[in-house]
Amino acid sequence: MAGSFLEHVNITVSDPIATAKRLEDWFGWKIRWQGEARAGGYTVHVGNDSSYIAVYSVGKANTPQDTYETRGGLNHVGVVVADLDAMEKKLLAAGYHTHNHGDYEPGRRFYFDDDDGIEFEVVSYDD
């Protein structure tokens with residue numbers, strides 16, 4: 001395979017199965033793999049054919065941190081969608097709060113936080 005591309009990111013969540021289900025519902029992704037993981041945890045790989053998010057839990061509660069203040073912290077996950085307005089309607093109907101809307105060259109975006117406080121940027125680019 002020529003060139004480089006981002007294959008996956010791995011994030012810690014409270015419930016990998018529930019998070020994977022939401023990602024499937026929101027973005028039309030699929031579960032690529034799931035099973036036992038390091039330290040007695042559990043991981044679900046959810047995404048498309050070329051990339052995915054590994055959602056992991058060690059099976060115990062942890063304290064969320066302000067990622068923008070934590071060196072090496074995950075600030076947000078950016079996802080491109082075809083229809084930004086339809087995506088926002090879906091999230092609002094599910095009870096999520098969207099914020100920080102912006103139009104910029106060459107597209108539009110908004111943000112929302114999932115059940116674990118992970119911030120997602122949803123963006124649509126003009127054709």
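Student: How do the axes of α1 and helix α2 sit relative to each other?

Tutor: The axis of α1 and that of helix α2, which covers residues 84–93, come within 10 Å and cross at roughly 140 degrees. Axes here are lines fitted to C-alpha atoms, for helices over the stretch in contact, with angles running from 0 to 180 degrees between N-to-C directions.

Student: What does that make α1 and α2 to each other?

Tutor: The two helices α1 and α2 are therefore oblique to each other, since angles under 35 degrees count as roughly parallel, over 145 as roughly antiparallel, 65 to 115 as roughly perpendicular and the rest as oblique.

Student: Before we go on, what sort of model is this?

Tutor: The model is predicted, so local features need pLDDT of at least 70 and side-chain atom pairs count only at pLDDT 80 or more, while totals for chains, interfaces and linings use all residues. Residues are numbered from 1 along each chain as its sequence is written, and side-chain values use heavy atoms, with hydrogens and water left out.

Student: Back to the helices, then: which residues in α1 and α2 meet?

Tutor: On the α1 side they are Asp25, Trp26 and Phe27, and these meet Met87, Lys90 and Leu91 in α2, where contact means heavy atoms within 4.5 Å.

Student: What does α1 lie across?

Tutor: Helix α1, residues 16–27, lies across β2, β3 and β4 (52–57), and it runs at about 5 degrees to β3. Helices (H or I, at least four residues) and strands (E, at least two) are DSSP runs, numbered from the N terminus.

Student: In what order do the strands of that sheet come?

Tutor: The sheet is open, with 4 strands in the order β1-β4-β3-β2 and mixed pairing, where two strands pair if DSSP finds at least two bridges between them. At the edges are β1 (8–12) and β2 (30–37), each of which pairs on one side only. Neighbouring strands of this sheet are turned against each other by 20 degrees on average, direction ignored.

Student: How many bridges join β2 to β3?

Tutor: There are 7 bridges between β2 and strand β3, residues 41–47, and the two strands run antiparallel. Within this part of the sheet, glycine 35 stands opposite threonine 43 in β3.

Student: What about the loop between β2 and β3, and which residue has its place there?

Tutor: Alanine 39 has its place in that loop, and although alanine 39 is not a glycine, its phi is positive, at about 60 degrees.

Student: Switching to the other sheet, how is β5-β8-β7-β6 put together?

Tutor: This is another open sheet of 4 strands, in the order β5-β8-β7-β6, and its pairing is mixed. The edge strands are β5 and β6 (98–104), each pairing on one side only, and the twist averages 20 degrees from one strand to the next.

Student: And where does α2 touch this sheet?

Tutor: Helix α2 packs on the sheet and touches β6, β7 and β8, while its direction makes about 15 degrees with that of β7.

Student: How do β7 and β8 run, parallel or antiparallel?

Tutor: Strand β7 (residues 107–113) and strand β8 (residues 119–125) run antiparallel and are joined by 7 bridges. One of the pairs is phenylalanine 110 with valine 122, its bridge partner in β8.

Student: Last one: which two residues does a cis peptide bond join?

Tutor: The cis peptide bond joins glutamate 105 and proline 106, with omega at about 15 degrees. Proline 106 is found in the loop between β6 and β7.
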